[in-house]
Amino acid sequence: MCGENERVTLEKLAKEHILKGRTAERPWGVSALLLLLLAAAATAAPPEQPALSATPSSGAAANNSSGGGGGAASNGVNSNSVLVALLDSHYTELAELVEKALLLQTLEDAVGKGNVTIFAPRNEALERDLDPEFRRFLLEPRNLRSLQRLLLFHVLPDRLHASDSSSPDFPSSHPTLSGERVDLSASPMRVGAAAVTRPDAVVRPDGVIHGIERLLVPRSVQEDFNRRRSLAAISAVLPTGAPEVDPRTHRLKKPAPPVPPGAPPVLPIWDAMAPGPSIAPAPAPGPGSGKHHFDGHSQVKDFIQTLLLYGGYNELADILVNLTSLATEMGRLVSEGYVLTVLAPNDEAMARLTTDQLSEPGSPENILYYHMIPEYQTEESMYNAVRRFGKVRYDTLRLPNKVTAREADGSVKFGHGEGSAYLFDPDIYTDGRISVQGIDAVLFPPKDTATGGEGSGSGSSGAAPARKAPAVTAHSKSKLRRGQ
């Protein structure tokens with residue numbers, strides 16, 4: 001209509017210019033000629049409009065033909081498509097998997113060919129209810145084909161509404177875009193083993209989306225998952241006779257013989273105390289809990305309560321529980337099969353500690369570590385040892401320091417010089433794994449073990465070289481005599 005009016009207007013202007021051109025100068029004839037050409041162009045424009053309007057449809061047909069569409073694909077995928085509705089719906093987990101599986105183009109082609117039906121699992125079915133191992137299997141790049149088959153198993157190349165389930169022609173199974181068939185049932189509507197919780201959740205001209213309660217897993221994907229899991233389990237088994245590496249020395253080691261029940265742990269206690277991943281053996285069999293393992297934490301709790309009830313050892317109990325984590329460490333060691341003897345200073349001895357001694361780096365842990373012997377000793381066993389050998393050196397948890405014990409005044413005396421302590425309250429607590437012996441002073445390791453220390457410490461350490469010197473001299477003289 002607009003083109004017709006323009007044509008009439010141009011013809012009127014042309015006639016006016018022609019009439020004026022007869023009475024005016026000749027240049028007006030050129031203007032009249034131009035106006036006639038414009039009128040002819042306006043007259044020829046309407047026949048060309050159908051050709052211009054046909055361009056979008058031909059372009060859409062070309063796009064759909066390139067995407068695999070036919071005659072029904074003349075409209076293509078628009079904003080009102082079921083695929084766009086899926087990506088914008090609250091089924092975000094399914095939409096994210098579709099994007100990760102690179103299936104957008106495949107679904108666009110399916111929508112371009114005709115109507116589709118999508119069974120969309122709820123987000124909880126893909127977030128919390130899905131097996132984590134199966135989810136990792138689907139998201140691995142090498143299992144992209146399995147993920148694609150799984151998602152296409154939820155798409156039918158046909159339009160099925162919830163109202164169709166009451167029809168007698170409702171199919172019992174239907175092919176999916178993955179190539180496998182899925183079982184369908186009516187009243188109530190179910191697909192495979194999943195119930196349709198939200199029928200006709202999204203309805204669009206080219207398809208419909210039904211919400212289902214769980215993920216549908218086709219048989220082919222389940223077989224791939226089982227096969228991959230079996231291969232992973234087989235590859236995780238070490239071959240028979242494979243060499244083992246010591247985690248501490250990084251050297252090959254021979255397999256340890258089986259530990260009989262009740263035997264002490266294989267590793268030294270200092271390795272079990274090392275920071276980092278625990279490399280101590282499993283708890284030793286014992287008469288403790290229902291699993292026949294020692295309950296070290298309960299035993300440590302018992303011996304601390306015994307200290308409190310015994311009286312005079314409240315300071316030590318407070319340090320073990322509140323100021324340090326030694327009670328927890330002792331409970332773990334006892335649970336792993338180790339035994340401990342604690343030389344417990346009484347409250348009077350702890351009160352004599354100075355501020356400088358408690359403010360040193362590592363205190364009070366280092367102080368208490370020096371009072372713990374990784375052996376099970378009672379008052380009788382220690383007294384018999386010092387009576388027989390004169391002087392006994394016990395290892396402590398504070399490496400490399402050792403505590404010296406000797407007989408004195410019919411009892412056992414630990415240390416030497418002014419820093420010595422007597423066995424004051426013997427056998428405060430003995431349960432076969434933890435032994436607590438009360439002493440009347442706090443022990444400190446000698447500052448210089450090579451040259452000894454001051455007082456009796458230097459004398460005792462100096463006595464050892466004095467006994468060795470004659471033996472070395474006599475030995476050297478005998479070599480000279482043999483040389484002559």
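## A serine in a loop

S178 sits in the loop that links strand β3 (173–175) to strand β4 (181–185). Strands here are DSSP runs of E with at least two residues, helices are runs of H or I with at least four, and both are numbered from the N terminus. This is a predicted model, in which local features need pLDDT of at least 70, side-chain atom pairs count only at pLDDT 80 or more, and totals for chains, interfaces and linings use all residues. Residues are numbered from 1 along each chain as its sequence is written, and side-chain values use heavy atoms, with hydrogens and water left out.

Is S178 buried or exposed? S178 counts as buried because its relative accessibility is 18%; buried means under 20% relative accessible area, exposed over 50%, and partly exposed in between (1.4 Å probe, protein chains only).

The side chain of S178 also makes a polar contact, at 2.8 Å, with the side chain of T176. Such a contact is a pair of N or O atoms within 3.5 Å; within protein, one must be able to donate a hydrogen and the other to accept it, and residues adjacent in sequence count only if both atoms are side-chain atoms. Leaving aside residues up to four places away in sequence, S178 touches R149, L152 and F153, where contact means heavy atoms within 4.5 Å.

## A mostly covered helix

Now to helix α13, residues 326–335: eight of its ten residues are buried. Among them are L326, M330 and V334.

A polar atom of the S335 side chain lies 2.9 Å from the backbone nitrogen of G296. After α13 comes G337, with a positive phi near 105°.

## Two helices side by side

Helix α11 (residues 296–310) and helix α12 (residues 314–323) have axes that come within 8 Å and cross at roughly 150°. Axes are lines fitted to C-alpha atoms, for helices over the stretch in contact, with angles from 0 to 180 degrees between N-to-C directions.

Which residues of α11 make the contact? They are F303, I304, L307 and L308, which meet N314, L316, A317, L320 and V321 of α12.

## The whole chain

The protein chain has 18 helices and 16 strands. Of its 484 residues, 37% are buried.
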